[in-house]
Structure formats: C-alpha cells, structure tokens
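Subject: Structure handover and notes

Dear colleague,

Please find the structure below, together with my notes on what was found in it.

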Amino acid sequence: MAWLFPNILTLAEPQNDNLASKTKGHYFRDALAMKIENQVLTPSQLQHAIFSYMPNWVTTLMRIRNKIVALFGFEVGVDNLSPTSDELNIGDKAGFLTIIEKTENEIISFAEDKHMIFYMSVLKNADQVIVSTLVNQKTVIGRIYLNSILPFHYMIARTVMNNAIKDKRI
C-alpha cells in the first residue's frame, strides 16, 4: 500500500507514546506517520485537521458498520471521528471517542464497550505527526470483529491522512 500513499509511513509499534502502557491481553497496535508542514499546530489541531474531513464513502461505511455491529452488542454512536473543535480538552468528544489524555506533544482518545477498548493517539514528534491506534480485545467477538475490519482500517487511516496532506491542512 506504500505505492498508493507514498507520504504515509508505516511504523513499528511505538514504545515512546502513552499508548504503550495501555496494552492488555489480546491487542492490536499500529502507527502511521507523515510530515508536518505547519509546525505551530498542536496535537489537538492535528487530530482535527486529519479526522474532521472524512470522505463520504467512509461516513457511509461507518453507518453500515454501526447497524451491523449493534446486533452483536457493540456500542454505536456517531458515525465518525470528527472532533467538535480544533482544541480539545480531557472529557471532550471527538466523534465517538472521548479525550482522556492531553500533553504538549500528544492527545489520546478512547471508546469502550463489552468487546473491546479502542484508543487513538496523535503524537507530534519533531516535524512529523504519528497517528497510532491500540485495540484491546476483551472477547472472541471483539477479536473476530477486529480481524474483519482491518482492511477497512488500513485504507481509511491512510486515506484521511493523505487527504490532510493533499489539502494542505497539516
């Protein structure tokens, strides 16, 4: 997929962000990085610049996903990751995620239900931003769900990050 998104780098599992301490049991972790052109953006503003502009096809997929997974006991809420503001604080919502940690260099949000805990970190590291996800799977249904949506996760994450670059939001 590197040829499709040459400006997005796939990283090894990060050890220097605050998500590393949140791994439990069966978990999935990934991280993507891209260059930042606008160095004054905070991690919160970077999260907003990346995730507030979802393509219509992603929103449609999220609506379909929500209808299906609700049948299996997953909590569903809004159909996106869009922050309500470009400067978020602990307790604020970013779509279906809630901000739980915020430092000068990183903002972490999460969502939890009976099958899994999902975390997302946006880490500003020198001249790049690293977007990392962690999913702690609590049940077999959570593991099956995660494995079934990974191809979508890979494509959506790279697409929205690439769009932020193309549209010069970062």
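Glutamine 137 is buried, at 11% relative accessibility, where buried means under 20% relative accessible area, exposed means over 50%, and partly exposed covers what is in between (1.4 Å probe, protein chains only). The residue lies in strand 7 (residues 128-137), and a polar atom of the glutamine 137 side chain lies 3.4 Å from the backbone oxygen of valine 135. A polar contact is a pair of N or O atoms within 3.5 Å; within protein, one must be able to donate a hydrogen and the other to accept it, and residues adjacent in sequence count only if both atoms are side-chain atoms.

Before going further, please note that this is a predicted model, in which local features need pLDDT of at least 70 and side-chain atom pairs count only at pLDDT 80 or more, while totals for chains, interfaces and linings use all residues. Residues are numbered from 1 along each chain as its sequence is written, and side-chain values use heavy atoms, with hydrogens and water left out.

The sheet

Seven strands form an open sheet in the order 1-2-7-6-5-4-3, with antiparallel pairing; strands (E, at least two residues) and helices (H or I, at least four) are DSSP runs numbered from the N terminus, and two strands pair if DSSP finds at least two bridges between them. The edge strands are strand 1 (9-11) and strand 3, each of which pairs on one side only.

Strand 5 (residues 106-112) is largely enclosed by the rest of the structure, because five of its seven residues are buried. With strand 4 (residues 97-102), strand 5 pairs in the antiparallel sense over four bridges, and the two form a hairpin with three residues between them. Across this pairing, isoleucine 99 stands opposite serine 109, and lysine 102 stands opposite isoleucine 107. With strand 6 (residues 116-125), strand 5 pairs in the antiparallel sense over seven bridges, where alanine 111 has phenylalanine 118 as its bridge partner, and here too a hairpin of three residues makes the join.

The helices and the nonpolar patch

Helix 1 (residues 43-51) is mostly covered, since eight of its nine residues are buried, among them Pro43, Leu46 and Phe51.

A nonpolar surface patch of about 790 Å² is made by Trp57, Leu61, Ile64, Ile68, Leu71, Phe72, Ile141 and Phe152. Patches are made of residues with over 30% relative accessible area and no salt bridge, like charges being joined within 9 Å and nonpolar side chains (Val, Leu, Ile, Met, Phe, Trp, Tyr) within 5 Å; a salt bridge is a side-chain nitrogen of Lys or Arg within 4 Å of a carboxyl oxygen of Asp or Glu. The accessible areas come from the Shrake-Rupley method with a 1.4 Å probe, and for residues only the protein chains shown count as cover. Helix 2 (56-70) and helix 3 (140-166) each supply at least two residues of the patch, and helix 2 gives the most, with four. Phenylalanine 72 lies in the loop between helix 2 and strand 3 (93-94) and counts as partly exposed, at 48% relative accessibility.

The aromatic pairs

Rings of Phe, Tyr and Trp (its six-membered ring) pair if their centres lie within 6.5 Å, and planes under 30 degrees apart count as stacked, over 60 as edge-to-face and the rest as tilted. By this rule the count comes to three aromatic pairs. The rings of phenylalanine 28 and tyrosine 154 have centres 6.4 Å apart and planes at 65°, so this pair is edge-to-face. The pair links distant parts of the chain, with phenylalanine 28 in strand 2 (residues 26-35) and tyrosine 154 in helix 3, 126 residues apart. Phenylalanine 28 is buried, at 12% relative accessibility, whereas tyrosine 154 is partly exposed, with a relative accessible area of 28%. The rings of phenylalanine 110 and tyrosine 119 have centres 5.9 Å apart and planes at 25°, so that pair is stacked. Phenylalanine 110 counts as partly exposed at 22% relative accessibility, while tyrosine 119 is buried, with a relative accessible area of 11%.

Best regards
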